[in-house]
Amino acid sequence: MEEILNDSVVTAELEKFEKKYNEELKNGAVTTTTQFEYAYCMVRSDFASDMKTGLVLLEDLFVKHPEGRRDYLYYMAIGHTRLKEYSEALKHAQAFLEIEPNNQQVIALEELIKKRMDIEGLKGVAKATGAALVLETIVTMITLAVLGGAKFFEQEALYYEENMHDYNPHDVFVWLISVCQTSADTFYASLMIGMALYLPCCGAMMAGAYYMKQYLLAPFVVMEFLRLTCVTLTHVIGMMVIKKSINVGYLIALTIAGGFALLLLFYLWACVVALMQILKIVRSPEYIAVFGDNPLAPVDPGQSTPNDHAAGEWNANGSKLSQRAHVGKNLERLPPTALSLGQFNGPNMLIDDFRPLHSRYSHSWAI
């Protein structure tokens with residue numbers, strides 16, 4: 001399946017079918033075969049704009065020519081996968097499997113799409129979390145500096161000491177007031193240094209999510225856990241301190257709101273931990289030996305790879321199965337028109353007899 005997704009169209013082949021398509025378009029009548037051949041080439045292009053054009057052509061065929069919808073669903077799934085539009089790709093693959101539920105090639109494609117969605121989802125959450133935390137940290141540092149830095153903490157400590165009768169004098173709260181009064185400069189410098197160290201950890205985490213490097217995620221996992229522990233303790237102690245000076249209803253609301261905020265922060269942290277664990281598995285020698293070194297396109301251990309032995313393919317007449325070794329993209333390729341000829345026998349899933357479509361496809365929902 002990785003071989004199919006990574007297969008790129010030869011420039012000469014694309015130009016050939018593009019010329020044929022444009023000539024028929026100029027004459028005012030494009031045949032179904034010509035449009036399919038051109039779309040087949042476009043979804044295998046290395047350019048996103050070409051792949052999108054190919055998908056538009058396939059969608060048009062899907063609506064206008066129901067006799068070939070099964071083939072169009074397959075190539076739309078391939079095109080959306082190559083564009084990393086995994087939700088659309090999964091929808092089209094599942095639509096195909098409702099027509100032909102035992103097709104092993106599309107089952108493998110569906111599993112590959114789901115794996116990519118899981119990994120890409122965690123990568124996206126990790127990158128978004130890192131960006132948000134970087135912004136939050138920078139804003140916090142600037143805000144503390146604008147408020148006066150160490151003097152701000154001294155003034156706050158003095159205020160709370162003078163109004164201690166309005167608050168619950170928790171031991172940690174009293175200790176923090178004492179520290180801010182006697183060592184405000186040290187306390188402020190410690191906070192700024194901690195946040196300054198936290199910023200590169202967030203940056204490394206985003207880079208680790210993008211490049212899928214486990215070791216770049218580790219510093220963030222440790223630092224964020226320590227930060228969340230401090231934030232949790234601050235929230236709990238803060239609610240205990242202000243319970244005398246606030247309405248019970250407001251206290252409950254603040255406690256619940258803070259709890260949900262902490263749950264969200266811990267969930268985002270857990271996503272990074274999950275990504276780190278997945279990368280640990282897929283980068284292990286045992287996994288690579290079985291599934292290959294590309295976690296986004298694992299090799300099916302139950303199937304041969306292009307390097308194992310010759311792969312069976314239908315010849316151009318679609319009448320008999322010929323054995324030939326895997327060829328590069330610059331060599332002759334099986335034309336797409338041959339895929340609809342002959343009985344199914346081997347890895348070419350599109351040579352099966354077409355069966356009536358499920359009634360749900362009459363609504364063109366998969367477009």
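**View 1. Thr 186, an exposed residue of helix H10.** In this predicted model, Thr 186 has a relative accessible area of 52% and therefore counts as exposed, since the cut-off for that class is over 50%. Thr 186 belongs to helix H10, which covers residues 184–211. Although Thr 186 and Ala 150 are 36 residues apart in sequence, their C-alpha atoms are 8.2 Å apart in space.

**View 2. The spans annotated as transmembrane region.** According to the unreviewed UniProt entry, the annotation "transmembrane region" covers residues 187–212, 224–242 and 248–275. Residues 224–242 are 100% helix and 0% strand, with end C-alpha atoms that lie 26 Å apart.

View 3. When residues up to four places away in sequence are not counted, Leu 58 touches Phe 36, Ala 39, Val 43, Tyr 72, Tyr 75 and Met 76.

**View 4. The packing of H6 against H7.** The axes of these two helices are 9 Å apart and form an angle of about 155 degrees, which means that H6 is roughly antiparallel to H7, as angles over 145 degrees are classed in this way. The crossing in which H6 passes H7 is left-handed. On the H6 side the contact involves Tyr 86, Ser 87, Ala 89, Leu 90, Ala 93, Gln 94, Phe 96 and Leu 97, and these meet Val 106, Ile 107, Glu 110, Ile 113, Lys 114, Arg 116, Met 117 and Glu 120 of H7.

**View 5. The packing of H2 against H3.** The axes of H2 and H3 cross at roughly 145 degrees and come within 9 Å, and H2 passes H3 in a left-handed crossing. From H2 the contact is made by Glu 13, Leu 14, Phe 17, Glu 18, Lys 20, Tyr 21 and Glu 24, and from H3 by Thr 34, Gln 35, Glu 37, Tyr 38, Tyr 40, Cys 41 and Met 42.

Technical notes:
Residues numbered from 1 in each chain as written. Predicted model: local features only at pLDDT ≥ 70, side-chain atom pairs only at ≥ 80, totals over all residues. Heavy atoms only, no water. UniProt positions renumbered as here; feature names shortened; annotations may be inferred. Helix = DSSP H or I, 4+ residues; strand = E, 2+ residues; numbered from the N terminus. Contact = heavy atoms within 4.5 Å. Axes fitted to C-alpha atoms, helices over the stretch in contact; angles between N-to-C directions. Parallel < 35°, antiparallel > 145°, perpendicular 65-115°, else oblique. Left-handed = near helix turned anticlockwise from the far one by under 90°. Buried < 20%, exposed > 50% of the residue type's maximum accessible area, 1.4 Å probe, protein only.
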